[in-house]
Amino acid sequence: MQPVYRVSRARKALVGLLSCYPLLVLGLAAIHLLAPQRSGALALSQIFAPYLFVPLLGLLPFALLRGAGSLRVLLLLCALVFGVRYAPRLVPTAAAAPPGATQVEVMNWNVRLGGQWDQVRPVLLSRPADVITLEEITWRRLMDDKVLVKLYPYHVVYQPAYGNSEVLLSAYPILDQGALDPEGTEGPPPRMVWARLDLGGGRTLVVVGAHPYTAKINLRACPRTRCYDPSTRDAQIARIRAFFEPILQQGEPLIVSGDFNVTEREPAYADLSRGLLAVQRQVGWGLGLSWGMDPTRNQPIPWLRIDHMFSSPNVTPVRTSVDCTLRGSDHCIVHGTFAVP
């Protein structure tokens, strides 16, 4: 009988040890929901929260052991939390356009560090959308291409003091355009372009393309606040939001598109999207992941969604898709179709 007693104690100790991880995951999920953080290690854990559930799969065989009831309960709770908060939409959805609405195709793409022109140009030549917002593009090469200029005769360019440009291309005439004024700002100005488009018949649409700076990550500084510092990015998102807030309040049709360097699990995302329709949530399927590919290693799988499209409530998202074909960029191409009344 003595060996059986030793095995029983060892099994209880093993189950207790293995139960620590699902308890940690559930505790972090509660913190993320009730007290979301903007900086530091907890904020970093918010970004990668869905991936914290992956190691739980390795605990499933141990949940079958006799006496592992508590572990089974914890794994079931983790499955429920994941299903409610992070599970992807498995069925593609599409919304019906209101009668008489004009459908506008929008595309966003961070081509990465100027882009590989021999791969960027064929995509643009296919005229994939009516309006295209591009990040980190070499604008002179784009504007010197007579064929592309004929396809997209209207454009807005923002050239920062250093780095590559933000560009908005449009097949619709542009009535008004601009970028955020850097004067009088603290820190670097947001990389943002905007245009008021003439859709015909007296209809207008404001399109904003933006690319705030990425957050600073320094794992050596964990668990202090400097471990994850999005303060510059969040300040730029606040300025972008302040720009289009009056447009939103006045009820003019609005689409916001870009690489915002923020996931939907961060407080800054809520600041940005307040009062807007998030296209992925409205008509997307899957997780809509758009960043994290590695073209140098032929790795085509993204692992975060930081490229977003939004619309004002009076613009109906009809459908959306993500194209993650490797074209020299670590970002996928995001497409959105909108119905403008």
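At 10% relative accessibility, Asp145 counts as buried; buried means under 20% relative accessible area, exposed over 50%, and partly exposed in between, with a 1.4 Å probe and protein chains only. Asp145 forms a salt bridge with Arg121. This is a predicted model: local features need pLDDT of at least 70, side-chain atom pairs count only at pLDDT 80 or more, and totals for chains, interfaces and linings use all residues. Residues are numbered from 1 along each chain as its sequence is written, and side-chain values use heavy atoms, with hydrogens and water left out.

**Confidence**

- The average pLDDT of the protein is 91, where pLDDT is the predictor's confidence in each residue, from 0 to 100.
- A pLDDT of at least 70 is reached by 94% of the residues.
- Residues 1–6 fall below 50, and this stretch has zero contacts in the model beyond near neighbours in sequence. Contact means heavy atoms within 4.5 Å.
- Where pLDDT is low, the predicted coordinates should not be read in detail.

**Salt bridges**

- The structure holds 15 salt bridges. Each is a side-chain nitrogen of Lys or Arg within 4 Å of a carboxyl oxygen of Asp or Glu.
- In the Asp145–Arg121 pair, the closest N and O atoms are 2.3 Å apart. Asp145 sits in the loop between α7 (139–143) and α8 (146–151), and Arg121 in helix α6 (residues 117–125). The two are 24 residues apart, so the pair links distant parts of the chain. Helices (H or I, at least four residues) and strands (E, at least two) are DSSP runs, numbered from the N terminus.
- Arg121 is partly exposed, at a relative accessible area of 25%.
- Asp330 bridges to Arg112, with the closest N and O atoms 3.5 Å apart. This pair spans 218 residues, from strand β1 (residues 102–114), which holds Arg112, to the loop between β13 (316–323) and β14 (333–340), which holds Asp330.
- Asp330 is buried, at 13% relative accessible area, whereas Arg112 is partly exposed at 30%.
- Arg127 and Asp130 also meet through their side chains in a salt bridge, 3.4 Å from N to O. Arg127 is partly exposed at 36% relative accessibility, and Asp130 is buried at 11%.

**Nonpolar cores**

- The largest nonpolar core has 22 residues. Such a core is a set of buried Ala, Val, Leu, Ile, Met, Phe, Trp, Tyr and Cys residues joined through side-chain atoms within 4.5 Å.
- Val104, Val131 and Leu197 touch the most other members of this core.
- At least two core residues come from each of β1, β3 (154–158), β6 (192–200), β7 (203–210), α11 (279–283) and β14. The largest share is that of β6, with four residues.
- Leaving aside neighbours within four places in sequence, the contacts of Val131 include Val104, Leu168, Leu197 and Val207. Glu105 and Ser170 are also among them.
- A second, separate core holds 21 residues, including Val206, Ile240, Phe244 and Val262.
- In soluble globular proteins, nonpolar side chains tend to be buried together.

- Eight of the eight residues of β14 are buried.
- Ile333, His335, Thr337 and Ala339 point one way from β14. Val334, Gly336, Phe338 and Val340 point the other way.
- In a regular strand the side chains alternate between the two faces of the sheet.
- β1 and β14 run antiparallel, joined by seven bridges; two strands pair if DSSP finds at least two bridges between them. Glu105 stands opposite Thr337 in β14.
- β13 also pairs with β14 in the antiparallel sense, over seven bridges. Here Asp323 stands opposite Ile333.

**Aromatic rings**

- There are eight aromatic pairs. Rings of Phe, Tyr and Trp (its six-membered ring) pair if their centres lie within 6.5 Å; planes under 30 degrees apart count as stacked, over 60 as edge-to-face and the rest as tilted.
- Phe48, Trp291 and Trp303 are linked into a cluster by ring pairs.

**Thr232**

- Thr232 lies in helix α9 (residues 231–250) and is partly exposed, at 28% relative accessible area.
- Thr232 and Tyr213 are 19 residues apart in sequence and 6.9 Å apart in space, C-alpha to C-alpha.
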